[in-house]
Amino acid sequence: TNGHQFLESVVHASFAVLSFTFSEFKIGETTKEKSSNLEMVEKVVELVLSIFFSCLDKHGNFPSIFKHGFQLLQNLCNDNNYCSIMIKHGGIVAVIDAMMTNVEDVTIQTIGCIILRSVSEIGEVATMNVVEADGVDLLLDIMTTPDSDIRVIEEAMRTILALSVGVESRSVVVLEGGISVISEAMSEFSHSASIQETGLAALCFLASDVDDTVLEGSSLFTTVRNALTLHQDNVTIYQNGFALLEMLSLRRDAVRSKMVSSGCIDCVIEAVTRKQYPSRVVANAFEILIKLVVQSRECREMMCTPEMLESIIFSMMLHVKCYKVQLDGCQLLIEMRTNLGEDCIVKAGGVKASLCAMMAHNSSEDIQKVACTLLSHLSTDPACFDLVSIAPGSNLGPNVLEAILSAMDNFPGSEQVKAIGTLTLEKMVEREEIRDHAKSELPRIRSALRSAMRLYTNECAAKARAIEKYLEQ
């Protein structure tokens, strides 16, 4: 007995020294250094794993050996070359078997999860090696074990996320009940921001390949809502949660109805109406709202309100420098006008918002297209150009005219910008107060129209000639 205790002490002390030695070990710069270092690492890995397998064969309890050996392997796994050596010599099986025989040791479980995650991040082949060694079963068992240490759950969740990236390994995680296990863990540790962040990211991958019927019967929607509600100041949780909801918004009506009934959409709307969220969160929220407004009548009626309209326009003005907010914001206003009408959008400041988007992103053809389209729709309302301008004391007509002409000048090869700009100009020159200002810009208008007539259909070309003739009178 004394001999075994002495040997165990020597082995774990040796592992501790090696772990420290390899904590910042580099592969080397020259070919000779690399070759020498790889050869040395291979010998060390062979030694460590042979001792692991020997301990496992004895069915004894050697926690100190596994702890220090795991720390050594963790340090080596920081380099993919060394990690590959560990895989080649059966390291995955050794780590998983050691974790299974030391289920109550927090350190062994935690470091073991980290090692498996490092392996999974190398590539799909290495990931499937973990899967084939029953790594998924082990990790899900860890997450469902009562009274598990939160540190172990966090690392197990991160490893499941790594296993969820590849299509083949992801299907195994789903088949083994990964979605429900993750949801339950997130509910149990709802106070942990780390578990919520990682869980939402993993669910986004896992739910992408699942049938709608599976999603409808799961607690996933409640899990997402609770994460967003309990962590309103955590940007990463909102980004991950919104990425998941955006993907779900493309599913069939029953799934979108669950998003509404569970309260997930209320969290999206809250992100738009609250003022402290950064641009990337607002952009994600707009992306979800567009998909829901376009594809779900229930969601369209729920969101197309004057209050929501004001929040969207306020967010556009607040995040005017964010490309995605402006692009999706203009598209949202175009969709909402069907329910609310052009006059409601004009009164809420839709014209100003579209002008600010065009001016802030004058080099973006996509924003010029969608903003010109919005202005073309809004110009049918008599009040469109009567509001106070961005520059107090004048009307919006000159600003709109300048924005349209600038877009046509900046993108001479865009048929859509030219065509929409021409249609908007046609509506504008019908207004006497704008027509007088347009006449002073006649050379520029004539140049914009004539330079692009070759891109037009016959109908648009006729409109362009009519505008020019009308202004010349």
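Predicted model: local features only at pLDDT ≥ 70, side-chain atom pairs only at ≥ 80, totals over all residues.
(A pocket is an open set of points on a 1 Å grid over the protein atoms alone, where a 1.4 Å probe fits, with protein on both sides within 12 Å along at least five of seven lines; lining residues have an atom within 4 Å of a point. Its volume is the space filled by probe spheres set on the points, which are joined across faces, edges and corners.)

Residues are numbered from 1 along each chain as its sequence is written. Local features here need pLDDT of at least 70, side-chain atom pairs count only at pLDDT 80 or more, totals for chains, interfaces and linings use all residues, and side-chain values use heavy atoms, without hydrogens and water.

Next, colour α6 (106-120) and α8 (135-144), which each supply at least two lining residues; α8 gives the most, with three. (Helices are DSSP runs of H or I, at least four residues, numbered from the N terminus.)

Now hop to the second largest pocket, with about 180 Å³ of space. Pick Leu 7, Cys 55, Lys 58, Phe 62 and Ile 65, the nearest to its centre among ten lining residues. Here α1 (2-21) and α2 (31-58) are the elements giving two or more residues.

Last stop: helix α26, residues 415-428. Its 14 residues reach 20 Å from first C-alpha to last, close to the 20 Å expected at 1.5 Å a residue (1.5 Å times one less than the number of residues). Select Lys 418 and Met 428, which are among its buried residues (under 20% relative accessible area, 1.4 Å probe, protein chains only).

How values were computed:
Buried < 20%, exposed > 50% of the residue type's maximum accessible area, 1.4 Å probe, protein only.
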